[in-house]
Structures are given as structure tokens and as C-alpha cells.
Amino acid sequence: MEIQWQKSSFSTDSEGNCLELATQGDEILVRESDNPNVIVKTTQAKLAAFLSGAKAGEFDHLI
């Protein structure tokens, strides 16, 4: 089965800064659209914890 990648509506192809996510079984897959052969695998719980931290501004100092 082909993996169905999804990117944020805030990303555009012209910017070249797109992260894409997909599910495969119980795993969440993450890749950069400009380097699609490098895939990071994580769990739903770990992604949820990361997103909660991002929404709370915990990583704002990195941008």
C-alpha cells in the first residue's frame, strides 16, 4: 500500500520548507519534502507530546 503523505496548509511548494506526515500501522512517519528518502518514525503519543510543547511555545527560541 502506498503511503499517503500530508503536509500543513501553511506550507507551500515554493517555500521548500515542508514537513510531511503519514501513518503506517501504529507509527507516525515524518519527512522533509525536499529530502523524501529520509524518514523518521515515531509514535502517536510522542508526536502528541511534541505538538503540545510546540503549541505552548517551548521551541520558539529555535526559530
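## Basis of the assignment

Two strands count as paired if DSSP finds at least two bridges between them. Helices (H or I, at least four residues) and strands (E, at least two) are DSSP runs, numbered from the N terminus.

The model is predicted, so local features need pLDDT of at least 70 and side-chain atom pairs count only at pLDDT 80 or more, while totals for chains, interfaces and linings use all residues. Residues are numbered from 1 along each chain as its sequence is written, and side-chain values use heavy atoms, with hydrogens and water left out.

## Overall layout

The four strands make an open sheet in the order S1-S2-S3-S4, with antiparallel pairing. S1 (6-7) and S4 are the edge strands, each pairing on one side only. Strands of a sheet pair through backbone hydrogen bonds, either parallel or antiparallel.

At one end of the order, S1 and S2 (residues 19-24) pair in the antiparallel sense over two bridges. Here Lys7 has Glu20 in S2 as its bridge partner. At the other end, S3 (residues 27-32) and S4 (residues 35-43) are antiparallel over six bridges. Arg31 is bridged to Ile39 in S4. S3 and S4 form a hairpin, with two residues between them.

## The helix

Helix H1 covers residues 44-55, which is 12 residues. The distance from its first C-alpha to its last is 16 Å, close to the 16 Å expected at 1.5 Å a residue; the expected span is 1.5 Å times one less than the number of residues. Just after H1, Gly57 has a positive phi of about 85°.

## Burial, contacts and surface

Of the 63 residues in the chain, 16% are buried (under 20% relative accessible area, with a 1.4 Å probe and protein chains only). Among contacts (heavy atoms within 4.5 Å) between residues at least 6 apart in sequence, 10% join residues at least 24 apart.

The chain exposes about 5300 Å², and carbon and sulfur atoms supply 53% of that area. Accessible areas come from the Shrake-Rupley method with a 1.4 Å probe.

## Charge

There are 5 positive and 10 negative side chains in the chain. Lys and Arg count as positive and Asp and Glu as negative, with His and the chain ends not counted. The centres of the two sets lie 5 Å apart, each charge being placed at NZ of Lys, CZ of Arg, CG of Asp or CD of Glu.

Technical notes: Buried means under 20% relative accessible area, exposed over 50%, partly exposed in between (1.4 Å probe, protein chains only).
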